[in-house]
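Here is a model to work through by question and answer. Keep the coordinates open as you read.

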Amino acid sequence: MKIATFNINNINKRLTNLLDWLTDARPDVVCLQELKAEDRAFPIAAIEAAGYGAVWRGQRSWNGVAILARGATPVLTRRALPGDPADDQARYIEAAVSGVLVASVYLPNGNPRPGPKFDYKLAWFERLIAHAGTLLAAGVPVVLAGDYNVVPTEADIWPGHHEQDNALLQPETRAAFQRLMDDGWTDALRTLQPDGPLWTFWGYLRHRWPNDKGMRLDHLLLSPGLAPNLRNGGVDRAVRGVDGASDHAPTWAEIKTPTRRSSRPPTSPPGGRRLSRVAVRPRRP
């Protein structure tokens with residue numbers, strides 16, 4: 001199973017970019033972030049025509065997350081991160097695909113800091129750590145894939161940067177990510193490439209892309225049962241260089257999974273929700 005994460009940065013504006021990449025890369029599962037489209041504006045007809053089923057949670061102007069599956073419809077288990085019923089930001093969605101529980105994660109940016117946006121980032125991170133622990137306790141195969149808005153170490157940003165005040169690099173942010181990892185998750189890409197640049201994001205300003213001044217913000221975290229099955233992975237850098245590209249590049253990992261395919265979740269996580277008629281539509285024949 002080839003699982004990818006891609007911050008598309010406006011799915012309708014960059015739909016052609018997405019469809020071209022799907023055709024070329026043929027991932028089995030795709031976690032999207034920053035849809036920047038409300039539920040009814042999600043381009044499900046075009047996604048289905050490309051051979052993918054989808055579940056999604058949109059939001060006007062900002063945020064929005066989705067999970068696509070090639071030749072199947074993901075089985076939705078959650079449309080929001082638990083822990084704060086008042087939080088209406090569309091930043092988390094979770095579904096089962098072929099016996100694996102997959103989450104698309106869009107962690108808050110947190111800038112400017114200090115301030116309420118940074119406080120929200122850290123609070124959201126605590127909720128993610130708690131829920132991830134629940135998933136580990138359930139013992140099911142899980143992939144947490146997405147834009148974490150975290151640069152885990154100085155090896156994950158271009159040398160000589162001047163981003164010390166950025167919320168993505170703060171000690172509190174990095175400590176939260178490390179606590180998540182310490183619970184037993186495996187960072188797929190760093191496992192495959194322990195050293196050297198692995199940029200997944202190049203900002204639009206200050207010639208970041210042509211000068212290869214990137215950061216690693218997009219991560220695929222594997223539960224302990226899946227980690228030994230990791231086979232390959234990488235960053236599709238060329239996608240960042242096409243006209244009208246997102247400022248992120250697709251990031252992917254290949255894992256060996258059981259050959260038996262099932263559309264049912266491997267389990268029902270505590271408090272999980274079933275299919276939403278707003279966000280899920282059956283594939284057209």
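The questions below cover confidence, helix packing, cores and backbone geometry in this predicted model.

Q: What average pLDDT does the protein chain have?
A: Of the residues, 90% score at least 70. Residues 260-285 fall below 50, though this stretch has 64 contacts in the model beyond near neighbours in sequence. Where pLDDT is low, predicted coordinates should not be read in detail. The chain average is 91.

Q: Are helix 3 and helix 4 roughly parallel or roughly antiparallel?
A: The axes of helix 3 (residues 116-138) and helix 4 (residues 171-182) come within 10 Å. They cross at roughly 5 degrees. Angles under 35 degrees count as roughly parallel. So helix 3 and helix 4 are roughly parallel.

Q: Which residues touch the most other members of the largest nonpolar core?
A: That core has 39 residues. V143 touches I3, V102, L222 and I255, among others. A second, separate core of 25 residues includes V75 and F177. In the largest core, the residues asked for are I3, V143, M215 and I255.

Q: Is E34 buried or exposed?
A: E34 lies in the loop between strand 2 (29-33) and helix 2 (44-49). Its phi is positive, about 55 degrees, although E34 is not a glycine. Buried means under 20% relative accessible area. At 11%, E34 is therefore buried.

Notes
Residues numbered from 1 in each chain as written. Predicted model: local features only at pLDDT ≥ 70, side-chain atom pairs only at ≥ 80, totals over all residues. Heavy atoms only, no water. pLDDT = per-residue confidence, 0-100. Contact = heavy atoms within 4.5 Å. Axes fitted to C-alpha atoms, helices over the stretch in contact; angles between N-to-C directions. Helix = DSSP H or I, 4+ residues; strand = E, 2+ residues; numbered from the N terminus. Parallel < 35°, antiparallel > 145°, perpendicular 65-115°, else oblique. Core = buried A, V, L, I, M, F, W, Y, C linked by side-chain atoms within 4.5 Å. Buried < 20%, exposed > 50% of the residue type's maximum accessible area, 1.4 Å probe, protein only. Lists of a residue's contacts leave out its neighbours within four places in sequence.
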